[in-house]
Amino acid sequence: MQDSPDLGDRGGAVCVVGAGASGLTAIKNLREQGFAVDCYERETSVGGAWNWRHDRSPVYAGAHLVTSRPLTEFPDFPMPDTWPDYPHHSQVLEYLERYAKHFGLGEHIWYGMEVTSIEPAGDGRWDVSIQSTGGGTSRVQRYAAVVIANGHNWSPVSPEIPGDFAGQVIHANAYKEPSRLRGRKVLVIGGGNTGCDLAVEAAQHAGRVWHSTRRGYWYFPKYLGNRPADQAYHRRMPSWLRDRRLRRTAADLTRWGVPAPDHAPLESHPIVNGLLPHYLGHGRIEAVPDVTRYDGASVELADGSRIEPELVITATGYRPRFDFLAPEVLEIDEDGRPDLHLHAFARKHPTLAVIGLVQASAGVFPLAHWQSVAVARWLRLRADDPEKAGAVQREESKRPLASWSRRKVVPTRRHWFEVDHVDYLTAVESLLKNMETAK
Amino acid sequence: MSGILRFEDWSDPVPPAEREVVSRLPEDDTGRPPLLFVPGLGHGAWAFAEHWLGHAAGRGFPAHAVTPRAGGDLRAQAHDVVQTAAALPRQTVLIGHGTGGRVVARALGRYPARAAVLVAPLLDGWAALGAALRSNPTGTVPALFGGRLKFSARQLFGPELPAEEAKAHLERIGVRPTAGLLARDELPSPVGGPPTLVVGSPDDRVVPRPALDRAAARYGGAPLLFPGMGHYLMLETGWAEPIDAILDWLDKELPR
């Protein structure tokens, strides 16, 4: 690739945006289908969100997986079987680095390069503008297809709370290690996995801990007996039985004032935290309702009571962002939600796909793997046999939305890309079969 | 069996186990893919350490052999192979011998090997049983009733191997076949579509010629044959010829 501002035509090559877990598996599976790949990564190393050295990484010192190894690893590159059931985030990074090295992905990645715009160039091709993150000239390259894997856990969403607060407010992504909590009075806002993890960390280190949640979730333990709980949930069984098993093993925290869930167990991704009931029971975490207002040193809650924390941590999630694309290309609505077939394929642009934009009842890596297998085979089919590809596209347009998406079930801004691990993979598997058998 | 919905792996993962790995590395890293040899029933990594590992390393290939866990079923042994391959620094070539060929065939459904070689692969237990009954009835019949399978040198080795060497090898080969050996399970499609080669001998008295042809056809080719050799190609006097042919094939299939 020459370093000139001229438009470089990369022929049949595919552009991958981002070298996190989703980008890496996209490169591997595109290469396996024989595509030349240029991957652009704004950081100087792989791992995306899992690389704590990256300034956008949300991981904190104590973060462990909330899904066990077999439901988290790439299906064709297992984590070492001697690793713990729920590896530490540093092991996840080591795993991604080994994956990249094992499959020789590094030579296809351009580090320190940011994609600033992606524009249709006609005939299914794309003009991708790339700029060095250290400044410098930008250049444009033309690709046969673009696969976006820019992650969805880097642009923090903060709650809009009226009033002024005299203490300190940080988003969970700025929280790195527990010394920040030691001896202080801490309010954690947010009932997701991060919010619950941070409430537990605070219970272990802070002086006093309040945990404010708006909605009720299903709280699952990490273990049932001596086995990881998610392994018990992912036996082959009818969905009503899985639902019953989930309801029976979830912790009911309403005794401590935590709201009851307003949805069925897997309609929103599960909270996995065995220590939350433990610390609620010890009185180290005090469950409080929604925050309504800041007022100087105090925080006003929905029930009218007031508390006086020194530090407020908002664990209120992240928003996917595609600043390099015109919103209509991904059919992004006013709430920022793109409309993608299987959360992966752009409906009006057969050579544009997004990998890893799912929130599942198990790990994202296996879904990102199978998504990129499907995308790579689709692009291969489209290049080799456009007629057959057209038949597959017609067949796919008949697939009912409810068979793979939980959209609309829990109507909040965060939960639109929730999927059920088994339902989603069943849909991807049938797409892969369609591509094999289409005439 | 669905390749994507892996309920058994999700809910009942194979537990970790000790795995013996023997390695011979080239003096300089030439960038060639690592080779992982997988022995079949009755022998271990040692059978490859005799000649083949050192020879492959001499030609620039990092060469490893793994002994899958003792007493493990096919699923556990394939897991051992995939774990060992994934722990190597680069995408690995899997090479299985005898029932190790079946373990490799299973592992290929899980791990995108750089390439695969099946050496005298025992993919069809019934064909092997027929061959064993023909060539060594007295050693085979007791095994059908739960006894130990006794081999004769004539059954396993070609006529050129000196009798003493054959005897020494025979003493190290011990097989108690299980019912699983006779199962004709469906072999998975290899993930990542690796180039695959079947190697054998028309004079093998364990894996008969038609079984070799069927195995090769399964992977879309014809077997590469070394007449006059027995089942244990890596222990025969002429051991260099098949391993050189395998390495030549790899050099051709995986240009640097």
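## Two domains in chain A

In this predicted model, chain A splits into two domains. Domain 1 is built from two stretches, 8-155 and 319-437. Domain 2 covers 168-314. Taken over C-alpha atoms, the centres of domain 1 and domain 2 of chain A are 29 Å apart.

The two domains touch. Domain 1 of chain A gives 22 residues to the contact, and domain 2 of chain A gives 21. What kinds of residue does domain 1 of chain A bring to the side that touches domain 2 of chain A? That side has 12 nonpolar, six polar and four charged residues.

## Where chain B meets chain A

Chain B also touches chain A. Here 22 residues of chain B are in contact with 23 residues of chain A. Two helices of chain B, helix 1 (7-11) and helix 4 (74-87), each supply at least two residues of the side that touches chain A. By class, this side of chain B has 14 nonpolar, five polar and three charged residues.

## Helix 4 of chain B

Helix 4 of chain B has 14 residues. From its first C-alpha to its last it reaches 20 Å, close to the 20 Å expected at 1.5 Å a residue.

Helix 4 of chain B is largely enclosed by the rest of the structure, because 10 of its 14 residues are buried. Among them are Q77(B), H79(B), D80(B), V81(B) and V82(B).

What do the buried residues of helix 4 of chain B pack against? One partner lies in chain A: helix 2 (89-102). The others belong to chain B: strand 1 (20-24), strand 2 (35-38), strand 3 (63-67), strand 4 (93-97) and helix 5 (99-107).

Definitions and conventions:
Residues numbered from 1 in each chain as written. Chains lettered and ligands numbered in written order. Predicted model: local features only at pLDDT ≥ 70, side-chain atom pairs only at ≥ 80, totals over all residues. Contact = placed C-beta atoms within 7 Å. Helix = DSSP H or I, 4+ residues; strand = E, 2+ residues; numbered from the N terminus. Nonpolar A, V, L, I, M, F, W, Y, C, P; charged D, E, K, R; others polar. Domains from an automatic or database assignment. Expected span 1.5 Å × (residues − 1). Buried ≥ 20, exposed ≤ 12 C-beta atoms within 10 Å, placed from the backbone.
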